[in-house]
Amino acid sequence: MTKPSIDLQDLRKRIYTKAKSEPDWRFWGLYVHVCKMETLEEAYRQAKINNGAPGIDGMSFKHIEEQGREAFLKSIREDLITGNYQPQRNRQKQIPKGDGKTRTLGIPTIRDRVVQGALKLIIEPIFEADFQEGSYGYRPEKQAAEAIERVSLAIIQNKTRVIDLDLKAYFDNVRHHILLEKVAKRINDDKIMHLLKQILKANGKKGVPQGGVISPLLANLYLNEVDKMLEKAKEVTRNGQYTNVEYARFADDMVILVSGHWQQEKLLKQVYRRLKEELTKLQVEVNTEKSRVVDLTKGGSFSFLGFDFKLAKGKTGKKYPMKTPKIKKRNELLATLKEEFDRLETLPLSVVIYAINPIIRGWVNYYRIGNSSRCFNYVRDWVEKKVRRHLMKARNRKGYGWKRWSKALLYGECGLFNDYQIRYYQASPKAFPAR
């Protein structure tokens, strides 16, 4: 991905440095940077990379390019400068969650995506400077793999009592007045605040729509005080170089791990109580049906970011954190692949492989940092059988053609994806800001 222009990059770095060095500074004069063509062009570029379906106005990137991208961005700039910009409602789309339920995805118009993207480019460095180490969701230079590794290391360090937290309809219930107060603590710019309020109110009296460009940033900001409380809990309960509390949060998916030592038995209840107090201030409800407290030393397990975690015993008898892909996630992958096989049933194998390889590669790359060998073997065997059936059907034959087509031919000449090797997470140096 190409980076923003040097000037915009430099501006974001300067904002971040100022915010990091002066935690109480309130920024002013930001709106003019949101309205710059340079910022709008970068926001458009990022929106186009992410692509996505048209919003409620039906306008696609193709339509915009045909009519003229520059004229499109100039009209947005004019509306922002004159105060005539009015965001439209998001187009609602129901996404299956896999448990029979759905979640609502809000799809903004491309015009609104550009405005949200421009606003995010300017204010993101401020709040990124304030966010805590344990927050990983949708942040520049942060990855889910890091959060998963953080949890694994905590378990290795004997933090085996786990609060597996689920927040009830978190994105839908963010209170606008509380969120705006948090933004105002760092931003002293009436035009920025008005624009943000417009964006929030366009889709209801509460909540930040999943699908909005700026929603992940706002959702992280809303829970930042919870992260700060957990960071403080880590420090006040520290025993020399050893910590008794750890946590990892990816948007609204959070786990808190507490020492399994018998002297720290009360600590779990104390942390849980403080956690609920902070969430109550935010009017965020805990989903009691899905939230659990588990003890890994007693055979308990929990899920985080698509992995199931538990303690397992190695060949030497030493216990270690085992993390395996959730069966639900594996089944979702196979369902997606089955749709592709069905859709391309009458087409040549080369077309099928071209379609399914990126899907498999993306899924495997995510899960290869875990104890995923058994799951990967299942997926590879399932895919190979589907490929063989595709070939046999094309010849009006039954069976799998085990003797007709060798593995070397399928994975070599035909190019079927075959990189199912486990590669454990390795940290790499990071530097803000990304993109």
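Predicted model: local features only at pLDDT ≥ 70, side-chain atom pairs only at ≥ 80, totals over all residues.
Biologist: Why are α8 and α10 called roughly perpendicular to each other?

Modeller: The axes of helix α8 (residues 176-184) and α10 come within 10 Å and cross at roughly 85 degrees. Angles of 65 to 115 degrees count as roughly perpendicular, and therefore α8 and α10 are described in that way. On the α8 side the contact is made by Ile 178, Leu 179, Lys 182 and Val 183, and on the α10 side by Leu 218, Leu 221 and Tyr 222.

Biologist: How do you know that the span of helix α11 agrees with what its residues should give?

Modeller: The expected span is 1.5 Å times one less than the number of residues, which for the 13 residues of α11 (residues 224-236) should come to 18 Å, and because its end C-alpha atoms are 18 Å apart, the two values agree.

Biologist: What covers the buried residues of α11?

Modeller: The buried residues of α11 are Asn 224, Val 226, Asp 227, Met 229, Leu 230, Glu 231, Ala 233 and Lys 234, and what covers them includes α7 (144-156), α10 (215-222), β4, β5 and α12 (265-281).

Biologist: Why is strand β4 said to be largely enclosed by the rest of the structure?

Modeller: A residue is buried when its relative accessible area is under 20%, and six of the six residues of β4 (residues 245-250) are buried, so the strand is largely enclosed. In a regular strand the side chains alternate between the two faces of the sheet. In β4 both faces are covered, with Val 245, Tyr 247 and Arg 249 buried on one side and Glu 246, Ala 248 and Phe 250 buried on the other.

Biologist: What makes β4 and β5 a pair of strands?

Modeller: Pairing needs at least two bridges, and six bridges join β4 to β5 (residues 253-258), with the two strands running antiparallel. Arg 249 stands opposite Met 254 in β5, and in the turn of this hairpin, which has two residues between the strands, Ala 251 has a positive phi of about 60 degrees.

Biologist: How do you know that β8 pairs with both β7 and β9?

Modeller: Against that cut-off of at least two bridges, β8 (residues 307-313) has three bridges to β7 (residues 302-304) and seven to β9 (residues 319-325), both pairings being antiparallel. Phe 302 stands opposite Phe 309 in β8, while Asp 308 stands opposite Thr 324 in β9.

Technical notes. Residues numbered from 1 in each chain as written. Heavy atoms only, no water. Helix = DSSP H or I, 4+ residues; strand = E, 2+ residues; numbered from the N terminus. Buried < 20%, exposed > 50% of the residue type's maximum accessible area, 1.4 Å probe, protein only. Contact = heavy atoms within 4.5 Å. Axes fitted to C-alpha atoms, helices over the stretch in contact; angles between N-to-C directions. Parallel < 35°, antiparallel > 145°, perpendicular 65-115°, else oblique.
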